[in-house]
Amino acid sequence: GSDGAFYNNKLEKVVFGSGIETITYGAFSSNPTLTSVDFSRSVNLKSIAGSVFYESGLTELDLSNSKNLSSIGENAFYNSALTNVKLNGTNLTIGQNAFIGNDITSLSIDGSNIKIGTSAFASNVIEELELKGTIIQTGKDAFKNNQLEDEDAFIMKVIFLLIIIAD
């Protein structure tokens, strides 16, 4: 699809099939009525470009079946209404500010060789974090302004746990 293809519409629900590989820049941005996106059949999804769901009304995001996902662009879910997020991917890069300014309370990240960009999950209310995989990089302020304890202490605990799991 074209950049911004469904920008500023009154969409409420989108269902993606197995044929989708890439969602282009800003495709569904500024759709506050868009509360449901179904990725359950999106097994071939590789890339979600920047600002795709920028300022949408999405409350849940489940990409657990998208094991080929390698890129979530900058600001992809910026300032939406997300509360529950499940990510999966191989060599997954989560862009700067990708999930900043949501209401995420529960975050699950699965996969290998995951890179989390600067402020990717900042300014949420994350209380529950499940990491099942290898995170090889976390950017500055990746989890800043959440319900987690001190971010540096938290990241050190995560790194320590990953080292224990790897052994």
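Reader: Is Phe 99 buried or exposed, and what is its relative accessible area?

Author: This is a predicted model, in which local features need pLDDT of at least 70, side-chain atom pairs count only at pLDDT 80 or more, and totals for chains, interfaces and linings use all residues. Residues are numbered from 1 along each chain as its sequence is written, and side-chain values use heavy atoms, with hydrogens and water left out. Buried means under 20% relative accessible area, exposed over 50%, and partly exposed in between, with a 1.4 Å probe and protein chains only. Phe 99 is therefore buried, since its relative accessible area is 0%.

Reader: Why does the pair of Phe 99 and Phe 121 count as stacked?

Author: Rings of Phe, Tyr and Trp (its six-membered ring) pair if their centres lie within 6.5 Å; planes under 30 degrees apart count as stacked, over 60 as edge-to-face and the rest as tilted. Phe 121 is buried too, with a relative accessible area of 0%. The ring centres of Phe 99 and Phe 121 are 5.0 Å apart and their planes stand at 5 degrees, so the pair is stacked.

Reader: How many residues apart in sequence are the parts that this pair ties together?

Author: Helices (H or I, at least four residues) and strands (E, at least two) are DSSP runs, numbered from the N terminus. Phe 99 belongs to the loop between β8 (93–94) and β9, and Phe 121 to the loop between β9 and β10, so the pair ties together parts of the chain whose separation in sequence is 22 residues.

Reader: Which other phenylalanine ring is stacked with that of Phe 28?

Author: By the ring rule, the count comes to ten aromatic pairs. In one of them the centres are 5.4 Å apart and the planes at 5 degrees, so Phe 28 is stacked with Phe 53. Phe 28 sits in the loop between β2 (22–23) and β3 (36–38), while its partner sits in the loop between β4 (47–48) and β5 (60–62), 25 residues apart. Both residues are buried, and the ring stacked with that of Phe 28 is Phe 53.

Reader: In what sense do β9 and β10 pair, and over how many bridges?

Author: Two strands pair if DSSP finds at least two bridges between them. β7 and β9 pair in the parallel sense over seven bridges, with Leu 87 having Ile 109 of β9 as its bridge partner. Two bridges join β8 to β9, which also run parallel, and Thr 93 stands opposite Lys 115 in β9. Leu 107 stands opposite Leu 129 in β10, and β9 and β10 pair in the parallel sense over nine bridges.

Reader: Is Asn 145 buried or exposed?

Author: Asn 145 lies in the loop between β10 and α1, and its phi is near 60 degrees, a positive value in a residue other than glycine. At 53% relative accessibility, Asn 145 counts as exposed.
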